[in-house]
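Please keep the sequence and the model in view while reading.

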Amino acid sequence: ANIAWTFAKADIPAAEFFEAIAVEAQPRVGEFTSQALANTAWAFATADIPAKELFKAIATESQPRLGELKPQALANTAWAFAKADVPATKFFQAIAAEAQPRLGEFTSQALANTAW
């Protein structure tokens, strides 16, 4: 997750590298922390890498652990899935259910990202 985040943050074009990460990461998402799942989704969305199967695996693994995420990570996850155009209605509903009672903890940027 950290290396994908680094490449995305630095805006380094590396589509083949991201695709290799997706292949390795998808079957291992159960080993990721909740924050690492959020960071991975953010990195792939930011790098504009269409890793639909990885996003599906991240959604499945993240959904029961959304309560572990800080507001910024919830917002970033919602943004990443929206940007990646991944159909994940139940996942978005779970994010909304987790975020709604905690909206007072969100920064203005996190609120904007979640609404986006």
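A residue is called buried when its relative accessible area is under 20%, exposed when it is over 50%, and partly exposed in between, with a 1.4 Å probe and protein chains only. The model is a predicted one, in which local features need pLDDT of at least 70 and side-chain atom pairs count only at pLDDT 80 or more, while totals for chains, interfaces and linings use all residues. Residues are numbered from 1 along each chain as its sequence is written, and side-chain values use heavy atoms, with hydrogens and water left out.

**Aromatic rings**

Rings of Phe, Tyr and Trp (for Trp, the six-membered ring) pair if their centres lie within 6.5 Å, and planes under 30 degrees apart count as stacked, over 60 as edge-to-face and the rest as tilted.

| Pair | Centre to centre | Angle between planes | Class |
|---|---|---|---|
| Phe55 and Phe81 | 5.0 Å | 85 degrees | edge-to-face |
| Phe81 and Phe91 | 4.7 Å | 55 degrees | tilted |

Helices are DSSP runs of H or I with at least four residues, numbered from the N terminus. The pair of Phe55 and Phe81 links distant parts of the chain, since Phe55 belongs to helix H4 (residues 52-62) and Phe81 to helix H5 (residues 71-83), 26 residues apart. Phe81 in H5 and Phe91 in helix H6 (residues 89-99) are 10 residues apart, and this pair too links distant parts of the chain. Phe55, Phe81 and Phe91 form one aromatic cluster. Phe81 counts as buried because its relative accessibility is 1%, and Phe91 counts as buried because its value is 2%; Phe55 is also buried.

Among the buried residues of H5 are Pro71, Leu74, Thr77, Trp79 and Phe81. What covers the buried residues of this helix includes helix H3 (34-46), H4, H6 and helix H7 (108-115), where contact means heavy atoms within 4.5 Å. Just after H5, Asp85 takes a positive phi of about 55 degrees.

**Packing of H3 and H4**

With axes taken as lines fitted to C-alpha atoms over the stretch in contact, and angles running from 0 to 180 degrees between N-to-C directions, H3 and H4 pack at about 155 degrees with their axes 10 Å apart. H3 and H4 are therefore roughly antiparallel to each other, given that angles under 35 degrees count as roughly parallel, over 145 as roughly antiparallel, 65 to 115 as roughly perpendicular and the rest as oblique. In this packing, Leu37, Thr40, Ala41, Phe44 and Ala45 of H3 meet Leu54, Phe55, Ile58, Glu61 and Ser62 of H4.

How values were computed. Helices (H or I, at least four residues) and strands (E, at least two) are DSSP runs, numbered from the N terminus.
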